[in-house]
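Dear colleague,

I am passing on the structure we spoke about, and below it I have set out what was found in it. Please keep it open beside you while you read.

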Amino acid sequence: MRTSNYNLYTIKDISFNSDIISYKLMLKSGMIRKLNSGFYVWLPIGLIILKNIIKLIKKEMNKINFLEINMPIAQSANLWKKSKRLKKYGLELIKFYDRKKKLFILSPTNEEIISKIISNEITSYKQLPLKFFQIKTKFRDEIRPNLGVIRSREFIMKDAYSFHNSKKCLKKIYNNIYKTYIKIFKKLGLFFNIIKANSGEIGGKLSHEFHILIKKKKNNNYYLNKNNNINKKKKNIEKNRQIFFFNILNKKINNKLKLLNKNLIKIIIVNFKNKNIILLIPKNSKINIYKIYKLNNICKPFNFLSKNKIKKLLIKNFNSIKYLFLNFTIIADYSILKMKNFLIKFNNIKAFLINLNWIKNLKLFYLADLLNYSKKKNIINNLYINKSIEVGHIFKIGNKYSKIINKCNFKKNIHMGCYGIGITRLIAAIIEQNYDKKGIIWTNKLAPFKVSILPINLYKYKIVNDITEKIYMNLFKKKINIILDDRKIQIGKMFNDIELIGIPHLIIISNKNCKNGFIEYKYRSNNKIIFLKKEYIINYILKKII
């Protein structure tokens with residue numbers, strides 16, 4: 001492809017301030033344009049990337065024998081009344097009436113409609129399990145659609161559903177999906193975390209969220225180690241511990257604590273199967289017992305440690321406590337991740353840890369939703385937390401929707417699973433992990449073009465023109481997705497556009513280098529430049545791509 005036939009809709013500056021890096025870069029690189037609040041047009045560059053991700057996800061879903069279907073966007077509200085979700089889903093549902101004054105909704109999810117289809121199609125347990133997926137536009141009337149495609153009103157989602165005649169069968173497929181999601185996110189080159197979560201309006205007793213960790217500023221990169229915990233790149237945690245542990249003894253210390261009280265984190269210790277687990281929550285918050293039951297590390301029954309037991313624990317394990325409970329599991333609520341220079345208080349006793357910061361001072365921990373929320377506080381959406389974006393959620397629903405399916409007069413309930421990936425949101429999350437000051441950095445699998453040819457003074461020097469055409473045609477014949485920038489613009493603008501878009505491999509052709517028999521190659525991932533002989537450039541590029 002040549003830029004003379006393929007417009008690059010890049011822009012230098014955007015007319016608003018946003019802390020969302022992915023939103024700014026998607027606009028500047030010409031991937032999307034905002035139509036209305038929460039609605040976006042996907043331009044050619046963005047659409048290619050979208051299709052690349054969809055292709056990868058479809059391939060992985062086909063490997064585990066899920067069949068693709070296509071369900072309508074509009075659904076009858078009657079189905080939602082039967083499942084009792086019409087009111088529960090609330091204002092996020094977009095509703096409308098047809099000419100016959102029948103109420104419809106624009107689909108945010110498809111549990112009801114897929115259940116109705118299955119109830120009409122299956123007549124025997126021998127037909128189970130059944131596994132379907134679709135990739136479709138969804139609608140949700142977000143209260144604050146202000147984070148670009150991370151939280152939009154119209155979005156593209158992969159939703160999948162499975163039906164089973166036993167809990168054992170459901171568990172097997174659920175685990176397959178769990179592993180498949182891990183493969184998908186690894187193939188996309190992402191650092192992510194998996195969290196046991198609340199099932200919310202979808203329903204069910206077990207669900208897991210897949211969170212993509214993001215970097216907020218330069219030199220502040222977060223990634224996962226093999227145990228799916230949060231870690232800090234190129235930091236030795238043990239060398240950076242400067243923690244003060246003490247009891248309240250005098251007024252001076254009391255005054256110090258008052259200054260830090262705004263960033264207070266409360267520690268609650270629970271005992272499960274003779275193991276102590278530490279829960280971290282913000283001050284003035286209450287634990288939600290039912291959410292604790294659903295954590296991976298804790299099940300019924302467990303006990304909260306008493307004041308005396310905590311004191312004994314502190315005395316017995318002073319060194320472990322001082323160095324942040326190296327022998328204990330720590331589970332932190334999402335809401336405390338944004339805190340800096342905070343104070344930790346042990347529940348019911350006057351013992352504190354002060355001047356703490358995540359990663360620098362604190363042991364690696366797990367993330368979870370631990371709190372009770374009032375209706376007002378619940379407006380805060382956990383999907384975009386300071387250091388992560390939720391991109392996937394899987395549910396072991398069980399028999400919640402069996403009343404719809406039971407038209408088949410089965411003797412026992414059918415068990416159901418539901419599995420989603422927010423594809424448009426996933427693109428934003430990938431960008432949040434892969435960018436620099438020049439723009440986006442795409443991998444070979446996702447890039448809109450794998451290779452870009454940047455000729456300097458293409459129309460001035462014949463040797464530049466000839467070598468450019470030769471390289472372009474050789475790569476084109478080998479079916480390499482390539483773009484040749486043949487615009488009559490300044491070289492600076494040419495470089496800025498291509499690097500902003502994030503094309504991984506750059507071939508730079510200049511008159512001086514051509515005369516000396518060399519071609520300049522630049523790898524976008526690390527911005528390193530090497531010089532290759534003209535006859536080696538094609539093979540070198542092919543090795544880089546394949």
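This is a predicted model: local features need pLDDT of at least 70, side-chain atom pairs count only at pLDDT 80 or more; totals for chains, interfaces and linings use all residues.

Helix H1 is largely enclosed, because six of its eight residues are buried, where buried means under 20% relative accessible area. These buried residues are Ile21, Ser22, Tyr23, Leu25, Met26 and Leu27, and what covers them includes strand E1 (32-36), strand E2 (39-42), helix H11 and helix H13 (491-501). After H1 comes glycine 30, which has a positive phi, near 80°.

Helix H11 (residues 423-433) also comes together with helix H2 (residues 44-63), their axes coming within 10 Å and crossing at roughly 110°. Because angles of 65 to 115 degrees count as roughly perpendicular, H2 and H11 are described as roughly perpendicular to each other. On the H2 side the residues that meet H11 are Ile49, Leu50, Ile53, Ile54 and Ile57, while H11 contributes Ile423, Thr424, Leu426, Ile427 and Ile430. By class, this contact has nine nonpolar residues, one polar residue and no charged residues.

Lastly, please look at proline 108, which lies in the loop between strand E6 (103-106) and helix H4 (111-121). Proline 108 has a relative accessible area of 1%, and is therefore buried. Leaving aside neighbours within four places in sequence, proline 108 is in contact with Trp80, Tyr89, Leu93, Lys138, Phe139, Arg140 and Met157. Methionine 157 is 49 residues from proline 108 along the chain, yet their C-alpha atoms are separated by 9.3 Å.

With best wishes

How values were computed: Residues are numbered from 1 along each chain as its sequence is written. Side-chain values use heavy atoms; hydrogens and water are left out. Axes are lines fitted to C-alpha atoms, for helices over the stretch in contact, and angles run from 0 to 180 degrees between N-to-C directions. Helices (H or I, at least four residues) and strands (E, at least two) are DSSP runs, numbered from the N terminus. Angles under 35 degrees count as roughly parallel, over 145 as roughly antiparallel, 65 to 115 as roughly perpendicular and the rest as oblique. Contact means heavy atoms within 4.5 Å. Ala, Val, Leu, Ile, Met, Phe, Trp, Tyr, Cys and Pro count as nonpolar, Asp, Glu, Lys and Arg as charged, and the others, Gly among them, as polar. Buried means under 20% relative accessible area, exposed over 50%, partly exposed in between (1.4 Å probe, protein chains only).
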